[in-house]
Amino acid sequence: MVNLKSGAPVQYKEVPTHAADEGGSSGDEIPASNELTDAVTDPLTQNGDVEAPSSPTEESAQTASPKAGNVPDSKAAGSSRFLVSPAIVICDETGNNISSSEPVVEENNSDGEDSERNKDNEPLASNDELSPFSHQMALYEDDLSERGKISQIINRISNYQAGIEPNISEQYSDKPKQVKLGTLLGVYLPTIQNIFGVLLFIRMTWIVGMAGALEGLGIVIICCCTTMLTAISMSAIATNGVVPGGGSYFMISRALGPEFGGAVGILFYLGTTVASSMYIIGSIEILVKYMAPQMSIFGDMDVQANAFNNYRVYGTCVLILLAIIVFIGVTFVSKFAALSLACVILSIFCIYIGIFVANPDSSLSICVLGNRLMSSKVVEVNGTFMCSKSPNISGGIFSSYCSVFNGTTDCRGDFFEEHSAKTIPGIPGLGSGVFVENLNNRYTRKDKIIGTDESGTSEAEIIADITSSFMVLLAIYFPSCTGIMAGSNRSGDLADASRSIPTGTIAAIATTSFVYITSVIFFAGTVEGDLLRDKFGESINGGLVVAKLAWPNEWVILIGSFLSTLGAGLQSLTGAPRLLQAISSDGVIPFLKVFSVTTKRGEPFRALIMTVLISEIGILIASLDDVAPIITMFFLMCYGFVNMACALQTLLRTPSWRPRFRFYHWVLSLVGMALCITLMFISSWYYALAAIALAAFIYKYIEYKGAEKEWGDGIRGLAMSAARYSLLRLQQGPPHTKNWRPQILVLMKLDDNLQPKYPNMINFASQLKAGKGLTLVNSVVEGDYKERYADAQAAKQTLSKLVETSGAKGFADLVISNNVTEGLCHMIQNAGLGGLRHNTVMIGWPYGWRHDHNAKSYRVFLESVKNINAGQMALLAVKGINNFPQSNEKLKGTIDVWWIVHDGGMLMLLPFLLKQHKVWKNCRLRIFTVAQLEDNTIQMKKDLEMFMYHLRIEAEVEVVEMTNNDISAYTYERTLMMEQRTEMLKAMRGGGGSKLSPQDILDNVHRTPAQVKIQLETVTEEGLPTESSTDEEKLEKHQYTFTPSNLSSDKKASSPSSPVNDLLSMRPDKRNVRRMHTAVRLNEVIIEKSHESQLVILNLPAPPKSEAGELNYMEFLEVLTEGLERVLMVRGSGHEVITIYS
């Protein structure tokens, strides 16, 4: 620009910007960014010497005015700050300020109503968010403009503002945000409520009496271990990424895939639906049999047929009532759940108190004849308890065994005459010693006297209604341990689901297991064995044994168990339709699509109708002991699928399977799966086969959706069919981010003898793959195909043998081409078959390119990089490959990742995959990222730690501040040498029309070139004294900004132009100086932090777009990686390869 007063040229200089917080305080001052100032003429003069601004930000800043307010929006992601835009100070050639403009202040508030969520198709960072200080990382400026700053990206991701979140556009509305629940209220208490069910109150004592204390403990421990192991697998799923809302089905299906998810979802739905009928039957049994027998409409409840008919009628009525409540009053369901939970906890406390206060004196009495328990209908005469064999008692024990005809007494069998009747306490207490008597089992067959193998001879005896055994009791009891997914069903309401679900679920299972185990011990040690085996309380006038045990009154248990059981049924009827609607909405099972429709209020009415119909089938069965095994099958299949899928994920080493749960191991999942299968067949082999057939049908229906036919030679035809089917499946579309893993194409260089020059590249590729996925090892033989075919085949055999010996799971191939670059390009395009193709290319570093006058030495490398970049594939450039470890070594130390540019997560995924191999397993992972001047380093570190936590990758995190951003004399000189070398090589090759020989350079090297005036401006930082420009010692110590302000005048004053004079008098390009500055400073920091690391992984800058910058680009990479033993430079494909979601 020209000074309008004097006509002298002026210069633009950028001054420090300042950031202040919302409160208006000055805040932290952002240090000044000194740079090469530009001698720019006023565009108004239109003299053709106008220099374009280096960035859109600078352009906007130069044209800004206090009134215009058109300063670029320099957002700081996730923060609300006042930003002062870079002020432009106009100086004359002496450096005096001749401008009067003031910095333009604008308020940048990014905390709008949508700041806490990402939007569909919204990029992580856009180029309009780049700061005025972007040139500090000039080597990566192209990537930064396209992919955004690391600070913006990790801030959004750590706050769930990026990544793959399903149906995100449907999850947000204008509704006020609900208060998120913690572990206690959100998971622990609901899970306890669902686990404690009707069987604890009406079947637990009977199971203990039949199985005995030892086998009863075995039943409880086996069932609790099964659910605990399943909960551990569930915890692994819950900690394998951010848990979205949608409940257990949504979490499992997204983590394990549609096939497993669909099968588990249907089984879980059927189990939950049938469980609702079990709870309703249980509540009606408590009501009609124990609380109000007079409600029976089919006669005596002691008659099984009458009882079942009552259960069917009343159960159907209750089912309809509960369905209406679910449809019109979900709020009532939630409130009733709290009442139900309170009833459960109160009832259990009352049972425990009753156990400890029980004693023979306060116990109820029961009557036994020998070892046979007598029914209260015979013992109680006119409301009086009379345990006697006296024939004078009308309707007593004597009348039930004997009959008198014409003065002759006729008794059935000898048992009555050989044994006496006596009254004993039914609940003698813990000090009575009955525990020893109740240790062993007393299994009974149907229609036999309970506790014996004898057939009944009198109506006074209590007869078994079903055959009991360890397997039968196990099947009946197992539903008592289900309900472990209640907490995960509330995942959308949890503040931190990935922490609350594992902690709350496992704590709830531990609590309920403790209650169940102690109940077995206490029941066996407190209650008489015959009374325990009296399932329906016939010896205590139809009372509930556990209610008689409770303190202070049996009605506490009767009312509490009735309400809790009814509440559990209500919860099941509420959750099951929503589960079916979620499965239908996913569309994995097309014929269920009809149930995805909801009402205007969002209620799944159709799914509710289907749930009621299925539940009604269970109610019509009427027998609790017959319904419970059905529930057992469904839940065991569901839990078995969860355990199996988790074990497979671990054994297959799926890249997205990175659970944070420390106590998970695939062996536990296998044991849990084995327990589930074993329990299924132990309980009922025919039910087990039916459930397995149903699950297999669902799985194959979702996976296959059709039939594959192959008419061939048996096994080979089957193998060909499977291979073809798999290839076609792979070709259907790109893999989901969760399933992405590097499928590597290794471009191998051959020496003159057609032997691999760097065979260690295959070892490194094998370590990176850990034996999984695809590895292709390809190379190019230069020459004519007809002449070199034999050589190529020999080289291919050598490569194949190398692949085999290295243990890499892959294939070798070779191409003959007249041009190596074109051959590699064809390999990059066409390697692989169908969907079995590479997505990542590994290439070696061109060692010795500086010393080779032939441009081919580096041109092959650069062209390959450009071709890979154009093909949107990931690139791995390995430097120092001969120093990389062999596959039999084991390293200790660190793997350092320098994350400078967002690359889709490649830099995070690669070290994680490397650590799966034994060579790198013991190495620690460290993540470094570079903060720019305006970045909040403390917030960046927090965001990065949160990001790594969500990725389930353990790593040390450090944010590096490059505080000294001034361009040093060393950088300037090195850039000058680089450009002189580049021009020299071009001249020697005759690229400019006249070829320059080495002798010309030697003849002119001692000539004095035209003096070039370089103005050095001392860098002055606020708070430090200004250094004198004449102090030579201090000038060498500090760094300077170079301002070749008289560049055009110097050129005119120079001696007559010649190739050598032009070479020696050239000035370095400003952009090259900045890029060299980035490379030098980054290299210094990397050497300082990572000089002892076993491997350094960093971003590969974007390749030059033109041929002119290729040599400079190679020099930048050399400077960037100087002094590092093992370097892996990575360039992402532009697609996300890692996600925080499960």
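Let me begin with a term: a residue is called buried under 20% relative accessible area, exposed over 50%, and partly exposed in between, with a 1.4 Å probe and protein chains only as cover. By that scale F681 is partly exposed, because its relative accessible area is 35%. The structure is a predicted model, in which local features need pLDDT of at least 70 and side-chain atom pairs count only at pLDDT 80 or more, while totals for chains, interfaces and linings use all residues. Residues are numbered from 1 along each chain as its sequence is written, and side-chain values use heavy atoms, with hydrogens and water left out.

I turn to the chain as a whole. It holds 38 helices and 25 strands; these are DSSP runs numbered from the N terminus, helices being H or I of at least four residues and strands E of at least two. Of its 1142 residues, 54% are buried. The chain exposes about 50800 Å², and carbon and sulfur atoms supply 55% of that area, as given by the Shrake-Rupley method with a 1.4 Å probe. Contact here means heavy atoms within 4.5 Å. Among contacts between residues at least 6 apart in sequence, 79% join residues at least 24 apart.

Next, the surface around F681. This residue lies in helix α23. Together with I677, W685, Y686, Y687, L689 and I692, F681 forms a nonpolar patch on the surface, with about 690 Å² of accessible area together. The elements that give two or more residues to the patch are α23, residues 666-683, and α24, residues 685-703. Helix α24 provides the largest share, five residues. As for the rule, patch residues have over 30% relative accessible area and no salt bridge; like charges are joined within 9 Å, and nonpolar side chains (Val, Leu, Ile, Met, Phe, Trp, Tyr) within 5 Å. A salt bridge is a side-chain nitrogen of Lys or Arg within 4 Å of a carboxyl oxygen of Asp or Glu.

Leaving aside neighbours within four places in sequence, L679 is in contact with I222, T226, L474, F478 and L636. L679 and L636 are 43 residues apart in sequence, and 7.7 Å separates their C-alpha atoms in space.

Helix α22 deserves a word of its own. Of the 28 residues in α22, 23 are buried. After α22 comes R653, whose phi is positive, near 55 degrees.

Finally, the aromatic rings. Rings of Phe, Tyr and Trp (its six-membered ring) pair if their centres lie within 6.5 Å; planes under 30 degrees apart count as stacked, over 60 as edge-to-face, and the rest as tilted. The count by this rule comes to 24 aromatic pairs. One of them is F308 with Y311, a tilted pair at 6.2 Å centre to centre and 50 degrees between the planes. Both residues lie in helix α10, residues 304-328, three residues apart, about one turn of the helix. F308 is buried, at 19% relative accessible area, and Y311 is buried at 3%. The rings of W685 and Y686 have centres 5.6 Å apart and planes at 85 degrees, so this pair is edge-to-face. Both W685 and Y686 are exposed. F268, F478, F635 and Y639 form one aromatic cluster.
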